[in-house]
Amino acid sequence: MPGAGPRPAPAGPPNPAQNAAIILLACAAALLLALFTKGWASASEGGDTVSAGLLGFEGCGRGGRCESVDWDRLAKRLDIPDDVGTFRMLGLIAGLGAAAALGYAGIMCLQRRPQAIKISVLAPVIGVAAGALTYFAIRLAMSDKDVNFGPSWGAFVGIGSLIAGGVSLRKMIPPLAAAMGGMAPAGPSYAQPPMGQPHPGQP
């Protein structure tokens with residue numbers, strides 16, 4: 001149509017890093033869910049249940065009424081060693097850093113920029129988080145004297161998301177970065193043709 005503005009070019013090719021982005025972002029979301037739950041360990045006795053997590057404890061009675069309890073308050077009553085509390089805080093801080101690292105890597109993949117991901121910087125953060133949280137989960141299950149804690153779903157989700165995210169980061173990103181390093185970002189093009197030549201799509 002005469003007088004119409006330039007038309008955008010068709011959308012670019014599919015994003016080769018899309019699957020990596022989905023995996024990394026899913027791992028980040030699962031890790032955050034695990035960090036803020038009190039389902040890392042649980043125990044039951046006589047109809048009462050106690051669950052433990054990085055942010056404290058939760059006790060539920062026979063009637064279904066549950067109450068959250070501060071970590072320091074109940075840990076002393078259960079005689080849980082101080083090193084468990086130390087790795088609880090270390091795991092929480094490192095876990096938040098790992099979730100941020102995985103989320104950043106996922107966003108870079110969505111933006112078709114896997115070459116911008118510094119694996120040498122992100123991988124150690126994920127490794128520290130995995131080590132601290134694994135120690136916390138195992139030590140918590142072994143340290144209690146009054147309650148027989150066993151691992152719960154939060155530990156499996158949290159540690160599993162770190163392992164899956166770390167493996168994906170090391171295995172998927174280098175080949176994507178090598179293949180996409182020289183690719184121009186995809187998107188609509190509004191470049192003007194040389195003077196005297198019609199714009200593509202115009203008569």
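Visitor: Where does R112 lie?

Guide: Happy to start there: this is a predicted model, in which local features need pLDDT of at least 70 and side-chain atom pairs count only at pLDDT 80 or more, while totals for chains, interfaces and linings use all residues. Residues are numbered from 1 along each chain as its sequence is written, and side-chain values use heavy atoms, with hydrogens and water left out. Helices (H or I, at least four residues) and strands (E, at least two) are DSSP runs, numbered from the N terminus. On that numbering, R112 lies in the loop between α3 and α4.

Visitor: What is the phi of R112?

Guide: Most residues other than glycine have a negative phi. R112 is a residue other than glycine with a positive value, and its phi is near 60°.

Visitor: Is D79 buried, partly exposed or exposed?

Guide: D79 sits in the loop between α2 and α3, and it too is a non-glycine residue with a positive phi, about 60°. Buried means under 20% relative accessible area, exposed over 50%, and partly exposed in between (1.4 Å probe, protein chains only). Because its relative accessibility is 39%, D79 counts as partly exposed.

Visitor: How far apart are the axes of helix α3 and helix α5?

Guide: Two packed helices are described by the angle between their axes and the distance between the axes. The axes are lines fitted to C-alpha atoms, for helices over the stretch in contact, and angles run from 0 to 180 degrees between N-to-C directions. Helix α3 (residues 82–110) and helix α5 (residues 153–180) pack at about 40°, and their axes are separated by 11 Å.

Visitor: Which residues of α3 and α5 make the contact?

Guide: Contact here means heavy atoms within 4.5 Å. On the α3 side these are A98, L102, A105 and C109, and on the α5 side S161, L162, G165, L169 and I173.

Visitor: How do those residues divide into nonpolar, polar and charged?

Guide: Ala, Val, Leu, Ile, Met, Phe, Trp, Tyr, Cys and Pro count as nonpolar, Asp, Glu, Lys and Arg as charged, and the others, Gly among them, as polar. The contact of α3 with α5 therefore divides into seven nonpolar, two polar and no charged.

Visitor: Which residues does A105 touch beyond four places in sequence?

Guide: A105 of helix α3 is buried, because its relative accessibility is 0%. Its C-alpha atom is 6.1 Å from that of I117, twelve residues apart along the chain. Setting aside residues up to four places away, A105 touches L24, I117, L122 and L169.

Visitor: Which members of the largest nonpolar core touch the most other members?

Guide: A nonpolar core is a set of buried Ala, Val, Leu, Ile, Met, Phe, Trp, Tyr and Cys residues joined through side-chain atoms within 4.5 Å. The elements giving two or more residues to this one are α1, β1, α2 (71–77), α3, α4 (119–143) and α5. Among its 51 residues, those touching the most other members are W40, F57, I80, I117, L140, F149 and L169.

Visitor: Which residues is A137 in contact with, leaving aside neighbours within four places?

Guide: A137 lies in helix α4, and it counts as buried because its relative accessible area is 14%. With those neighbours left aside, its contacts are W40, A155 and I159.
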